[in-house]
Amino acid sequence: MSFNFIGLRTVAAFSARKLLMNRRWMMVALLGALVALVMGYAATEDGVTMDFASELMVLLLLAFLLPVLSLIYGASMIRNEMDDRSIVQVITAPLDRRISYLGYYIGLVMVLCLLITVVTVIGGAAFLIFSPVRDGGLQLIVTFIALQYLGVMVYSALFLFLGTLMKQPIYLGLIYIFIWEGFVASIPGSIGKVTIRHQLQVVGSELTDFGSWASGDWAVSILALVLVTALLVLAGAFVLRQEEVS
Amino acid sequence: MSNVVEARLLSKWYGEVIGLNNFSIDVPKGITGIVGPNGAGKSTFFKLLTGNIKTNVGHLRVLGEEPWQNPALLSKIGFCPDYDFLPPDLKGREYLHFVAGLHGMDGARTVTRVNDVLGIVSMTKDADRAMGGYSKGMRQRIKIAGALLHEPQLLLLDEPLTGTDPLIRKEIIDLVKDLHKVHGHDVIVSSHVLHEIERMTHQVALIYKGRSVASGDISEIRQLMSDHPHNIVVEGRGLVPLAQMLLTKSYTSSIELRADRLGMFVRVDRPEEFFDSLPELVAGTGCELERVESLDDDLESVFRYLVG
């Protein structure tokens, strides 16, 4: 496999541009506004603390916004191009499809990191503006941004893979987010640990003292997340290479 | 290597639908037209050539190489599909720079090359406009420019004339001819209209229901069209004596006279002879003809004839 770096960069930049130009940004703006509204309102409650802010951000950002945005953007990225056949330009270029897949993945990660950063900063700022307690607030925002970058890496790999593999990836993605991570993960015992969110929360426990987080070895969690990401990206690249595009 | 494409007994099916069926063809250098009605398998053939899909059965070589999972081969091929995939918000020049990037091209050389291909397809003036505002002809040209950008040896143009008006059609036909004559590309171009292809090349392959039914010089194809049996409708007055005369001719296989005696269907084995002798027969029988028309003087009927 020859490595066409310019081709990789082109696919990443072009696919990122395509995602940003998409009208879905209106929905992202709506979700961002919702996060800001909830966090701003919660900050006006009596006896509010940074622990409370941290738990609110886990719920709004880590458990909801991060996986949902990753699903919306990731599952449709390559699938839409296959459906409207605009992928023809990429797959008829002298660029190994595995490299193209990596380009799509990088483009997706870049866009999601940007959106997550904007929403987290707006939500965090809304909380800090209305909250009487502000100490450690900035550190908490930075922590959540970093944690979500790690989450973007894994969720993007998962949903991009599903979108390449299946014609209707949204349903399985929703089942994963709301049934597996939302319900099965709350079942007592070790099964609850087999989720991306749990592993992110273990890493989060190491990054900040605010809030209550899942316990565990953060180094093992990072390793597990990186490993899962690598496996999913490799699997997606393999699927795209084998895929007939008619 | 004398042929740019060699296909032997190719078959490709999508579930229960057959795209190509025991399809064999040799495509020589130069311009070759692939002609067939919609759904004949032309686009399937192009997708196989570009490695978008793989064959189920058979042997395919493009520029001497197997195309499936062979991205290196794509540096020698430029593909212009029949469908529209251009991002409407992108300018023509931006699109070409994107295509150049996919081909690993960068820097000043790319700027020069983009300007060159814009000149070749006569799109320099409109290159800095968003492609959403392009006409059909302009969109075809910019697609061709994208296919040309990396200076491929072989250009694949799938139905480049579809949906274009006569003026644009002439310009694209001239462009295709120049791509070979002036710029040295080998071109495979498809269409469902024989006379459009005929204006670009004399080297033609007919494809019907997934099979290559004939290939060679256009004059041979034309001969097939004139040689195969025709159903001819004849209308006018005093047709009975004409029908009697026609029945004595060896080229006539059957005649069906309408009840009102003002029209008849004549089936002839050798249409050329029929049309040559018709003036004499009309003069001899004194009939007055209002309409003489072959119902089979088109490609579709040739295809049906050739595949039995």
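Domain bounds in this briefing come from an automatic or database domain assignment, and on that basis chain B is divided into domain 1 (3–222) and domain 2 (228–306). This is a predicted model, in which local features need pLDDT of at least 70 and side-chain atom pairs count only at pLDDT 80 or more, while totals for chains, interfaces and linings use all residues. Residues are numbered from 1 along each chain as its sequence is written, with chains lettered from A and ligands numbered from 1 in the order in which they are written.

**Domains of chain B**
- The centres of domain 1 of chain B and domain 2 of chain B, taken over C-alpha atoms, are separated by 41 Å.

**Contact between chains A and B**
- Chain A gives 23 residues to the contact and chain B gives 23 residues, where two residues are in contact if their C-beta atoms, placed from the backbone, lie within 7 Å.
- On the side of chain A that touches chain B, helix H1 (5–21) and helix H4 (88–91) of chain A are the elements that give two or more residues, helices (H or I, at least four residues) and strands (E, at least two) being DSSP runs numbered from the N terminus.
- H1(A) provides the largest share of that side, six residues.

**The open sheet of chain B**
- Six strands of chain B form an open sheet of mixed pairing in the order E5-E6-E7-E3-E8-E9, two strands being paired if DSSP finds at least two bridges between them.
- Strand E5 (77–80) and strand E9 (211–217) of chain B stand at the edges with a single partner strand each, so one side of each is left without a neighbour in the sheet.
- E5(B) and strand E6 (residues 154–157) of chain B run parallel and are joined by four bridges, and B:Cys80 has B:Leu157 in E6(B) as its bridge partner.

**Nonpolar cores**
- A nonpolar core is a set of buried Ala, Val, Leu, Ile, Met, Phe, Trp, Tyr and Cys residues joined through C-beta atoms within 7 Å, and a residue is buried if 20 or more other C-beta atoms lie within 10 Å of its own, exposed if 12 or fewer, and partly exposed in between, with C-beta atoms placed from the backbone.
- The largest nonpolar core has 138 residues, of which A:Leu108, B:Ala145, B:Leu156 and B:Val176 touch the most other members.
- Helix H6 (residues 137–165) of chain A gives the most to this core, with 15 residues.
- Another core, of eight residues, lies apart from it and includes B:Val234 and B:Phe274.
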